[in-house]
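Reader: I would like to learn how to read a structure, one feature at a time. Please take me through this one.

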Amino acid sequence: MDEPSADAVVETRGLTKRYRGGQLAVDGLDLTVPRGSVFGFLGPNGSGKTTTIRMLMGLIEPTSGGARLLGRPMPRAARSVLPRVGALIEGPALYPYLSGRDNLLRYDAADPTADPRTRAARAAAALDRVGLGAAAGKKARAYSLGMKQRLGLAAALLQPRELLVLDEPTNGLDPQGMREIRTLVRELAREGTTVFLSSHLLDEIEQVCTHAAVMAQGRLIAQGTVAELAAGSRGRLSVTTPDPADAVRVLKEHGVTDLVVLEERVTGELPSPAPEPADLNAALVRAGVRVRAFGAEGASLEDAFVALTGEGFDVAG
Ligand SMILES: Nc1ncnc2c1ncn2[C@@H]1O[C@H](COP(=O)(O)OP(=O)(O)OP(=O)(O)O)[C@@H](O)[C@H]1O
């Protein structure tokens, strides 16, 4: 690998995984996750997200290429790096007959660096953190899916972490559970933890992430700040007017393309960079176009994704 970037918490170069059956799950991935970001790893089911995360965490070996976690090569540096990384991958492994608290105490006891004298306090603080304080004495098998997921998060949060890796953390959760996880992720980010989370839900990434990477069929299609990614696609404009022919002429002069007239409604694609909507509206009025309604919609991550992959996205889950 080239020299690692100082500010990258996760960095991969040409990271590739071909499973024994021949399936190319991850194909030449160059990923850079900046320190302090909430990084969304976005892609439809089967696009290679879990395989990538398993390589990052040193759980499986890449076929070729490499990955650095906190600046150190994986899986070689796993022993020194992993204690600084919390992870929740493919649902937490829990003892169903133990209470949530006892599950956490077991996790903590498995960590040779954890001081046994402060174990109970650590477990209690982690349970509070994820909102399971009141349910701490309940057996894990009686937990809902969302509670189990939060218990897994609590286990990842027993120690302060520089990086948190969450694989589809809101999978199977109800809207309330999703909101709670999002709030927690934002809080952790505010405290300085870099959060890397995979999701197939665009709106989730848009709500919580500062940066994102888009995967499709094992390949990285785009990465950058969420704002940059959304700006890569163009917004749409809609004008309602009894003078559609004049409106089309004026809008064309201002770089609007893909103009469609449907009776009194004119729609089109804004140029990039987009002009100030108020200026466009003023230009229409100046040209004598009677504007009844005017709307400009900014580009969203969903537009960008559709533009990038040419396919729709499972937005609702
Ligand atoms: N152990 C394995 N052996 C063979 N093929 C696998 C294995 N694990 C995953 N794959 C295949 O590799 C591809 C990528 O799978 P992966 O689980 O990494 O995708 P994903 O984006 O995480 O999807 P999901 O959200 O469904 O987990 C898929 O085609 C999958 O069928």
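Author: What follows goes from the domains to a strand, a helix, a loop residue and the ligand. Keep in mind that this is a predicted model.

Reader: Which domains does the protein have, and how far apart do their centres lie?

Author: The domain assignment gives domain 1, residues 8-231, and domain 2, residues 236-298. Their C-alpha centres lie 45 Å apart.

Reader: How do I read a strand such as β6, and which way do its residues point?

Author: In a regular strand the side chains alternate between the two faces of the sheet. Strand β6 covers residues 85-88; Val85 and Ala87 point one way, while Gly86 and Leu88 point the other way. All of these residues are buried.

Reader: Which strand is joined to β6, and how do the two run?

Author: The partner is β7, residues 163-167, joined to β6 by four bridges, and the two strands run parallel. Opposite Val85 stands Leu163 of β7.

Reader: Now a helix. Which residues of α9 are buried?

Author: An α-helix has 3.6 residues a turn, so residues three or four places apart point the same way. In α9, residues 244-253, the buried residues are Ala247, Val250 and Leu251. These residues lie on the same side of α9 because they cover an arc of only 100 degrees around the axis. On the other side of α9, the exposed residues are Ala245, Lys252 and Glu253.

Reader: What covers the buried residues of α9?

Author: The cover includes the strands β11 (236-240), β12 (257-262) and β13 (265-269), together with helix α10 (277-286).

Reader: What comes just after α9?

Author: Gly255 does, with a positive phi of about 85 degrees. His254 also has its place in the loop between α9 and β12.

Reader: Why does His254 count as partly exposed?

Author: The reason is a count: His254 has 15 other C-beta atoms within 10 Å, so it is partly exposed. A buried residue would need 20 or more, and an exposed one 12 or fewer. Leaving aside neighbours within four places in sequence, His254 is in contact with Pro275, Leu280 and Ala283. Pro271 is 17 residues from His254 along the chain, and their C-alpha atoms are separated by 8.4 Å.

Reader: Last, the ligand. How many residues surround it, and which are the closest?

Author: The ligand is surrounded by 13 residues, the closest being Tyr19, Ala25, Asn45, Thr50 and Thr51. By type, the shell divides into two nonpolar, ten polar and one charged. Helix α1, residues 49-56, supplies the largest share of the shell, three residues.

Definitions and conventions:
Residues are numbered from 1 along each chain as its sequence is written. This is a predicted model: local features need pLDDT of at least 70, side-chain atom pairs count only at pLDDT 80 or more; totals for chains, interfaces and linings use all residues. A residue is near a molecule or strand if its C-beta atom, placed from the backbone, lies within 6 Å of it. Ala, Val, Leu, Ile, Met, Phe, Trp, Tyr, Cys and Pro count as nonpolar, Asp, Glu, Lys and Arg as charged, and the others, Gly among them, as polar. Domain bounds come from an automatic or database domain assignment. Two strands pair if DSSP finds at least two bridges between them. The arc is that of the directions from the helix axis to the C-beta atoms. Two residues are in contact if their C-beta atoms, placed from the backbone, lie within 7 Å.
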